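Please open the structure in your viewer and keep the selection tool at hand, as this tour moves from one selection to the next.

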Amino acid sequence: MASGMSSADYIQHHLTNLTYGNHPVNGWSFAESGQQAAEMGFMAINVDSMAWSIGLGAFFIWLFSRVAKKATTGVPSGTQNFIEMIIEFVDDNVKSVFHHKNAIIAPMALTIFVWVFLMNLMDLIPVDWIPALAAASGIHFMKIVPSTDLNVTLGMSLAVFVLIIFYSIKQKGIMGFLAELSLQPLGKWALPFNLFLELVGLIAKPISLALRLFGNMYAGEMIFILIALLPFWAQWLLSVPWALFHILIITLQAFIFMVLTIVYLAMAHDHH
Amino acid sequence: MNMNMTILGQIISFIIFVYLCMKFVWPPLTAALAERQKKIAEGLDAADKAARELEDAQQSVEAALQESKAQAATLIEQANKRASQIVDEAKDTAQAEADRIKAAAAADVEQEVNRAKEALRAQVATLVVAGAEKILGASIDVNNHQELVDKLAAEL
């Protein structure tokens, strides 16, 4: 905990993104507080979330494509073995849920699983290390866990949502899709009721997908921040058990995001 | 918590990373996995085939062994039969030879006996003549009394 800061300020500081945007008074600039970032409205970008997100995604592609390029069909080396394990794990999950032919699903599931896992993994880096480094080099805010930014989780779930709509229409036709939305579960005489029910169900998919990941990671991060408020000699008593437990959560959340994506897309392909 | 353009940034990065994964990560790795799976399956097949071939070879070896054993037994039997046949033949020949020799010897003996009998007869005739001369005190003209002498000799 940085000195000369109240606990509330400390928590507030750790939960504020580094935002660059069009401020009504200051013009295009970095926001100097959460207040200013809010005033920027939609025309702003969370630079830290974006940088870490893209950096981790690039790391994923770099690592996997490097192994893929050198992949041997003989006895695999350590890294290749590890990567193959992940690939087979994802492939098994896709094959057990998704029974149609679609070349996008499996690579997308892999991307989601590894990328979300890496983003969540940033949560295990002690909360003050990188923000302190950033502060030392003149950057006021630095949130290093992209999945604690609702923009990031919602961005991914909306991309999945677009795919759900796209494949629903592609597989069933526009009329088939509309029929699915309006003629069940109660038949054509309860059409408005059906439509309302199905639309809520449809929209709940991306929202729940994004909020589940965001909520879990945000809460986890918050607990790490609260633990960091303790005296330094007492922190390990709580932070170590919580970090160990959190390893389970970050993996589980990445897995859930992946599996639900596959399930939703399988549902989009299935005819009812 | 502000909603802002980060959401668009994340959507764009998501699309790009999924595309890169589809292009450079997934196909080569799954291809390598499938290839290895094929190789392992082929290896197992080959091992199975080799085991089967080994079994076949063992069976044919066993069969060949049996056959040669049977052949050897036949040969030995034939040889034994032939040997006893030869021995029998030799026995027969020897017996025949012995019989022949015996018969020849018997004939010889008979001949000798006859010859001795003849000689004895001749000598008896002479002795009879000499005896008679002595008894009669006169010589007996052999020519005159030839018939008589012969009769005597024949009666002996």
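Which residues have the most contacts inside the largest nonpolar core? This is a predicted model, in which local features need pLDDT of at least 70 and side-chain atom pairs count only at pLDDT 80 or more, while totals for chains, interfaces and linings use all residues. Residues are numbered from 1 along each chain as its sequence is written, and chains are lettered from A and ligands numbered from 1 in the order in which they are written.

Select Ala109(A), Leu110(A), Ile112(A), Phe113(A), Trp115(A), Val116(A) and Leu265(A), which have the most contacts inside the largest nonpolar core, a set of 73 residues. Such a core consists of buried Ala, Val, Leu, Ile, Met, Phe, Trp, Tyr and Cys residues joined through C-beta atoms within 7 Å, and a residue is buried if 20 or more other C-beta atoms, placed from the backbone, lie within 10 Å of its own.

Next, select helix α5 of chain A (residues 105-121), which gives this core its largest share, 13 residues; helices are DSSP runs of H or I with at least four residues, numbered from the N terminus.

Move on to Thr261(A), which lies in helix α9 (residues 232-269) of chain A and is buried because 27 other C-beta atoms are within 10 Å. Leaving aside neighbours within four places in sequence, Thr261(A) is in contact (C-beta atoms, placed from the backbone, within 7 Å) with Ala109(A), Ile112(A) and Val160(A). Thr261(A) and Ile112(A) are 149 residues apart in sequence, yet their C-alpha atoms are 8.8 Å apart in space.

Finally, select chain B, whose C-alpha trace spans about 195 × 25 × 15 Å along its principal axes, and where 11% of the 156 residues count as buried.

Conventions:
Buried ≥ 20, exposed ≤ 12 C-beta atoms within 10 Å, placed from the backbone. Helix = DSSP H or I, 4+ residues; strand = E, 2+ residues; numbered from the N terminus. Contact = placed C-beta atoms within 7 Å.
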